[in-house]
Structures are given as structure tokens and as C-alpha cells.
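Open the model in your viewer and keep the selection tool ready. Each stop below says what to pick and what is there.

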Amino acid sequence: MEGIENWNQLTWQEKREARFKKWLDAPGVTFNSPEAKKAYEVRVTRFIKAIKLEEPDRVPVMLPSGYFPAIYGGYSLKEVMYDYQKMADAWRKFNRDFQPDSFTSPGLVYPGRVIEMIGHKLHKWPGHGLPDNAQMYQFVEGVYMKPNEYDDFMENFSDYWMRVFLPRTAGALEPFQYLPGFNPVLTNPLGWVASFANPGVQKAFETLIECGKEITKWQQAVGEVNREALADGLPSFGGGMGGAPFDNLSDVLRGTTGIVMDMYRQPGKIKEAMQRLVPIVIKRSVQMADMSLSPIISMPLHKGENSFMSGKQFEEFYWPSLKQVLLGMIAEGLVPMPFAEGNYEPRLDYIKDMPKSGVVWYFEVMDMAKAKEKLDGVACISGNVPSSLIVTSTPTIVKEACRKLIETCGKGGGYMLAGASGVSNCNPANLHAMMEAAEEYGKY
């Protein structure tokens, strides 16, 4: 980490303490008042103590806000995708009204004009494959890497991404397939430059330039909301995004059908590719955390859950490379937070094999009493107020569900109250009920 000369000689705990100090000190943040600064420190300390399996002042809360701030602000998801001022206003209102333990950023709202301009194929969004009033995106799974392309992919990830993956997933960038390979053996750049004579290639780069201008406007709006929240004393929680190497291959490259066939037809290629991805995932996570205040790395896990693969397959294909990624992040002082989507109860005996307090496990579907029993003294756990309750139920029922989770999981520290997943619409009082439950039942 920048500014620490003997970084490589520090233990992982010492590196993490340095990152925690950065998070707590918030360099570069100008607080609106001494009270805001104090509130910020209290909130960050609350998270740090929970991560370290200590007892904070109370159980911290991660509100499952999802895209709800748009609805709460009086807008549709489509409106905030195309009007960045409305987006900023909605998320600003949400943060100020709910005063969450960590602010909610609009950074997950896609800039609509940008994804239109590139001809984005990986999602459907309101007005593009979904009704105008849709409140979520829909991922479009496909086979974007052919079964015989593992070697090409592993030979040069950047080249494959530029000349093969992008042309298949972004219509405006299809001409990139005509670029010559990024080959270090070719020392004369004229051949590569000559490819820009292709009118389609020129048009693709012109589109990217226009996209760059547009996304700058989006970034400015997102940054404004984030800076204001910090100044108000609301910390950022996430410091970056990572994932499991198996998911890197299956989500947007081979797809579910493709990766399942590969598990039987060419398992060695999957394992080889995952090993090549491990250091890349770790390095990228470190880079993102170094640019952030928080050392928390969110890691949505998709294909490792019980309904997709057996325990034997999890042990062979999923866990080894994921474990390497987790340990690599921990070694750099990061705090990986895998979001275990689906049922991870059968995986508890695997995931407990981690350094003490090294990981935060965020569960969607889980017997939380079993999770507390298995991971007590090993990892901080988080989750899992059902989304169905938050969306359809009453504040009284939501508050009672939170009370039970706090009493089950909060003993001795090491628990963060959170929803099972983000929501797009609900009774605002249900989210307030989560905060109230932490205040009433979560104090140590």
C-alpha cells in the first residue's frame, strides 16, 4: 500500500490494520462538522470490530437498498439511467433519510446512453428488452467463448478480450475482430496501426471516444453523491469487486451449459484457466482497494452453490481456486466478503478453513444458527433477512425477523445484519425497521 515502505515484510494482520487505519482516518475527506466526523468514526469502528470478531457498540447494518433509492426518490430505474441529476438526487435523498451505517452509492446504475452506444448485449434493461417500468436488469447468458478457445484465452487475456470477447458482446465494437493480435513478437507497430485504415475500426474507436465523454458525466454525478455522503459522516463499505475464477469462466464466457460440458469433456482446461486467473483477480482487487478507503472486497458467488454442483464437484472445480483468491486477498490486508448466493449450508465445512477473522461471509440462503455454530471464532457472518419479507411484509414482522437473527448470530460479535439480497421496491418503513432493530436489540 502506498506510503508504507516495508509493506512486503508486514504480516497480513499488520497490513489489514494499516488498511483499517486508512478507512478510519479517511484521508482526503472534508467532513461537514465535527459531529459528522465523529459519526463516521463510530460507524467504521463498528464494522471493523465486527470483522475482527469483537463486540462493537451495536450490530452494524447493511441495508439491502439495491435500486430502491430510485423508486424512493420518485423515479423509475430507466429515468435515473438516462438522467444523472435525477440519479444523484435520488441516492442523496435515500442516504440522508435513512442514515445507514454505510452509504449507498448509485455506482451500480448503468449509464443508459453508454450501453446503448456500444450495443451492449450482456444485459436487458428498461426500454431495451424489458418494459420501461422494469425495476431491475436482466443478465443475458450466452456462450461468448467457444469450447476450443481456452488456449487463445489463456495465451493473452487482453488480446482475447479486445479482439474476441468485445466484438461478441458489444455490437458497436464488432470491427475490433479485424485488429491484428497484440503480439509482443511483432516489434514493428506499423502493421497494427494500419488496421485503423478499416472504416469500421475507426467508427468503433470514435464510438468509444463519445462513450468516454458520456461516462465522464455519469462518473461526476456518482462521485458527487459519494463525496457528500462521506462529508455527512456515512462511510463507504465496499472497496472493490472480486469473484471466483470458476464464475469468471462460466458467467460471461462459457455460460452454464458450456461450463457443465467442459467439466466432463475438458476439465483440465477449466483448471488451467482458473489457475491463470487467480493472480489476476487478486491483483485487480488490491488495485481497487488501494484507490478506495475501505479494504472490503465484495465477491458475488454464482455457480458454487448446492443446486448447481455436487459437493464433489465443488471440491474439485470451485473451492481450490476460490480458496487461493481468498488467501491471496487476505495476505494483502484485504477483507474478502463473498456473497454466497443460493444455498451454501452444505459448503460450511469447506469455507470454515480460513484464517481467523480473515473473511466476512454474506449469506443469501442459510440456516444462520448453523452458520454461527460452524464459523464462530472463524469468520464474521452477514445476512439474511428474506427479501420476500422486506418487499411484501410489515415493519413489525421485519423487525421481529431482525431480532431473531441478532439474538442468534450476534452473540460475542462477528455479525452484520443485512438483507438476503438487494431490493428494488418496498415499504420504506421496512428498511427503517432494520435500523431500529439494530438499535433496540443489537447493542452490546
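Helices (H or I, at least four residues) are DSSP runs, numbered from the N terminus. This is a predicted model, in which local features need pLDDT of at least 70, side-chain atom pairs count only at pLDDT 80 or more, and totals for chains, interfaces and linings use all residues. Residues are numbered from 1 along each chain as its sequence is written, and side-chain values use heavy atoms, with hydrogens and water left out.

**Stop 1: helix α13**

Select residues 311–331, which form α13. Go to Tyr318: the helix has a kink of about 45° there, shortly before the proline Pro320. The bend at a residue is the angle between axes fitted to the seven residues ending there and the seven starting there. Now colour by burial, where buried means under 20% relative accessible area with a 1.4 Å probe, protein chains only. Tyr318 is buried, and other buried residues of α13 include Phe314, Phe317, Trp319 and Leu322. Move on past the helix to Gly333, which follows α13 and has a positive phi, near 80°.

**Stop 2: Asn226**

Jump to Asn226 in helix α10, residues 199–231. Is Asn226 buried or exposed? Asn226 counts as buried because its relative accessibility is 19%. Show its contacts (heavy atoms within 4.5 Å). Leaving aside neighbours within four places in sequence, Asn226 touches Phe103, Ser105 and Pro106.

**Stop 3: the largest cavity**

On a 1 Å grid over the protein atoms alone, a cavity is a set of points where a 1.4 Å probe fits but cannot get out; lining residues have an atom within 4 Å of a point. The structure holds one cavity of 30 Å³ or more. The largest has a volume of about 40 Å³, the volume being the space filled by probe spheres set on the points, which are joined across faces, edges and corners. Select Trp91, Arg92, Asn95, Arg96, Val225, Glu228, Ala229 and Asp232 to see its lining. The largest share, four residues, comes from α5.

**Stop 4: the second largest pocket**

A pocket is an open set with protein on both sides within 12 Å along at least five of seven lines. The second largest pocket holds about 170 Å³ of space. Of its 11 lining residues, Asp152, Glu155, Asn156, Asp159 and Arg163 are the closest to its centre. Finish on α8 (157–169), which gives the largest share of this lining, four residues.

Technical notes: Helix = DSSP H or I, 4+ residues; strand = E, 2+ residues; numbered from the N terminus. Buried < 20%, exposed > 50% of the residue type's maximum accessible area, 1.4 Å probe, protein only.
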